[in-house]
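Subject: Structure for you to look at

Dear colleague,

I am handing over the structure below, and after it you will find what came out of it. Please keep it open while you read.

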Amino acid sequence: MRRTIVAAVVAAALVGAGASAAVTAHDDDGWSHPMMSDGQLAGRLGGERGGPRHMTGFAAGHHVAAASEQEYLAEMVAHHDEAIVAARELRRSDRAVMRRFGERIVAAQSARVAQMESWLAEWYPDDSTDVDYEPMMRDLTGLSGDRLDRTFLEDMVGHHMAAVMMSQHGLASRLFDHDEVAALAADIRDEQHAEILRMRVWLRDWFGVRWMH
């Protein structure tokens with residue numbers, strides 16, 4: 001039931017904004033995959049088979065629709081901070097591609113946190129940046145080898161889904177007062193959309209986790 005609700009929310013947000021054209025994503029490791037349109041992604045978010053509850057557990061405890069630009073930024077800072085902490089644990093991965101993936105997440109999301117915090121300080125100096133954020137990632141500190149990689153990938157797929165949903169909802173509802181925030185939200189949506197596809201390929205190839213098509 002929870003998975004169905006998540007898929008419906010994503011579909012409403014993504015399709016409401018209009019499906020984007022499919023493009024191809026590439027990275028430095030030679031990975032390439034045709035990105036699905038937003039409408040196709042919405043259909044697949046609810047179709048995983050064999051994934052644990054952590055991949056969709058954000059539906060009950062996490063905001064997928066901010067009420068204001070300030071709330072979006074504050075929520076996304078907390079969301080990125082958690083991803084940075086988790087991605088740093090990939091320094092211990094046995095797979096070089098996972099170590100590089102973690103490094104890129106830390107670098108990209110740290111830069112975004114700094115940017116979002118500067119906007120909050122400049123545009124909303126009198127507003128609290130405290131958010132009621134419920135952690136989405138399991139503790140990775142005691143894990144290693146395949147357990148570390150699989151747990152990270154399983155949890156980060158759901159973590160990215162939440163960011164895609166929140167960003168697309170903000171764009172579709174014209175929530176943002178500044179063009180810079182709208183551009184950031186589009187970047188987060190598109191980048192994390194591509195990373196969801198990449199992580200699902202790794203889960204399939206390394207651990208046999210498959211999704212319905």
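Among contacts (heavy atoms within 4.5 Å) in the chain between residues at least 6 apart in sequence, 78% join residues at least 24 apart. Please bear in mind that this is a predicted model, in which local features need pLDDT of at least 70 and side-chain atom pairs count only at pLDDT 80 or more, while totals for chains, interfaces and linings use all residues. Residues are numbered from 1 along each chain as its sequence is written, and side-chain values use heavy atoms, with hydrogens and water left out.

The chain has 7 helices and 4 strands, which are DSSP runs numbered from the N terminus (H or I of at least four residues for helices, E of at least two for strands), and from the N terminus on their order is α-β-β-α-β-α-α-α-α-α-β.

Helix 4 (residues 69-88) packs with helix 7 (residues 179-207) at an angle of about 40°, their axes being 12 Å apart; axes are lines fitted to C-alpha atoms, for helices over the stretch in contact, and angles run from 0 to 180 degrees between N-to-C directions. The two helices, helix 4 and helix 7, are therefore oblique to each other, a word for angles that are not under 35 degrees (roughly parallel), over 145 (roughly antiparallel) or 65 to 115 (roughly perpendicular). On the side of helix 4, the contact is made by Glu 69, Tyr 72, Leu 73, Met 76 and His 80, and on that of helix 7 by Val 181, Ala 185, Ile 188 and Gln 192.

The axes of helix 5 (residues 96-123) and helix 6 (residues 145-172) come within 12 Å and cross at roughly 35°.
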